[in-house]
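Please look at the structure below before reading on.

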Amino acid sequence: MRVDDSGAPEGSVTAARWRWSCPSPSPQPVTHGHAVLGLALSGRARVEQHCEWRLEPGQVLLVPAGQPHRTLEAADSELYGVGFCVSCFASEENACLLEPFQRVRRGASPVVALPSERQSHFELLCRELERVSARRGRGALTAQRSLLTLILDEIAQASPIAGEGLGECLTADCLRLIEQRCLGPFSLGELAASVGRSPAHVTTLLRRQTGRSAHQWIVVGRMAEARRRLLHSDELVEVIAERVGYQDPTSFIRMFRKHHAGLTPAAWRSARL
């Protein structure tokens with residue numbers, strides 16, 4: 001299992017149009033710390049996610065955060081890809097929009113076919129999100145979240161109702177709870193108690209299934225939200241530390257430097273202004 005952070009978005013949302021070429025299967029599955037969706041625009045592709053799936057133009061591939069996947073084949077393919085931090089977006093109001101990703105975690109098909117009459121609109125939303133994602137500031141952040149909401153609503157409307165027999169998945173439950181609660185004082189012990197397992201069991205399970213431990217997933221969510229606030233607000237580093245679950249700013253700065261090539265939050269922010 002390889003954990004791939006090379007394409008992790010700096011902010012909470014990113015979008016880009018890109019060509020997808022893979023003449024032979026990728027050597028091993030990878031996982032991302034962010035959720036990904038990709039609208040197929042042209043060509044053909046085969047992916048492995050639970051099992052093998054074909055992706056054709058007009059279909060959207062859903063890859064939840066932590067979901068092992070790999071490309072088996074991609075020829076003459078072009079995608080509009082969107083990546084986003086789930087913990088930055090998760091709330092009681094939009095939980096239903098994230099349900100298609102939860103169903104994929106429980107074994108549902110990761111390929112959603114958009115109605116033909118909605119495909120051009122979906123592409124337009126992705127294109128607009130790409131444009132807005134290049135901006136900075138609170139206005140840009142609001143626009144990003146609004147466009148992402150519309151995109152996820154299109155997917156929710158096109159997704160089939162969850163079929164019987166998917167059942168519950170402990171890995172999916174753990175990741176869902178982390179996404180919902182990682183920005184508060186949330187520990188491995190609390191996570192384990194919530195799913196009725198021991199901390200050791202949860203740690204081993206997540207590391208085996210996703211390539212990351214529970215603690216690492218909590219940090220992934222917190223760092224993503226920290227980057228979002230550094231980019232789109234003028235909040236002090238001490239305030240951001242508290243908002244992403246760290247009571248001690250020093251601990252936050254130490255963790256941020258560990259995950260951002262030794263840069264402090266202030267230095268990281270200054271480099272992007």
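This is a predicted model: local features need pLDDT of at least 70, side-chain atom pairs count only at pLDDT 80 or more; totals for chains, interfaces and linings use all residues.

Leu188, Gly189, Leu191, Ala192 and Val195 of helix 6 touch Pro199, Val202 and Thr203 of helix 7. By residue type, this contact is made up of six nonpolar and two polar residues, with no charged ones. The two axes come within 8 Å and cross at roughly 95°. Angles from 65 to 115 degrees count as roughly perpendicular, and helix 6 and helix 7 are therefore roughly perpendicular to each other.

Stay with helix 7, which covers residues 199-210. Which residues of helix 7 are buried? They are Val202, Leu205, Leu206 and Thr210. Because these four cover an arc of only 95° around the axis, they lie on the same side of helix 7. Ala200 and Arg208, on the other side of helix 7, are exposed. After helix 7 comes Gly211, with a positive phi near 85°.

Helix 5, residues 170-181, also has twelve residues. From its first C-alpha to its last it reaches 16 Å, close to the 16 Å expected at 1.5 Å a residue. Helix 5 is mostly covered, with nine of its twelve residues buried. Leu170, Thr171, Ala172, Asp173, Cys174, Leu175, Leu177, Ile178 and Glu179 are the buried ones. What lies over them? The cover of these buried residues includes helix 1 (86-89), helix 2 (95-105), helix 6 (188-195), helix 7 and helix 8.

Two packed helices are described by the angle between their axes and the distance between the axes. For helix 8 (residues 214-232) and helix 10 (residues 249-259), the angle is about 95° and the axes are 11 Å apart. That angle makes helix 8 roughly perpendicular to helix 10. On the side of helix 8, the contact is made by His215, Val219, Met223, Ala226, Arg227 and Leu230. Helix 10 contributes Phe252, Met255, Phe256 and His259. Sorted by type, the residues of this contact are seven nonpolar, two polar and one charged.

Technical notes. Residues are numbered from 1 along each chain as its sequence is written. Side-chain values use heavy atoms; hydrogens and water are left out. Axes are lines fitted to C-alpha atoms, for helices over the stretch in contact, and angles run from 0 to 180 degrees between N-to-C directions. Helices (H or I, at least four residues) and strands (E, at least two) are DSSP runs, numbered from the N terminus. Angles under 35 degrees count as roughly parallel, over 145 as roughly antiparallel, 65 to 115 as roughly perpendicular and the rest as oblique. Contact means heavy atoms within 4.5 Å. Ala, Val, Leu, Ile, Met, Phe, Trp, Tyr, Cys and Pro count as nonpolar, Asp, Glu, Lys and Arg as charged, and the others, Gly among them, as polar. The expected span of a helix is 1.5 Å times one less than its number of residues. Buried means under 20% relative accessible area, exposed over 50%, partly exposed in between (1.4 Å probe, protein chains only). The arc is that of the directions from the helix axis to the C-beta atoms.
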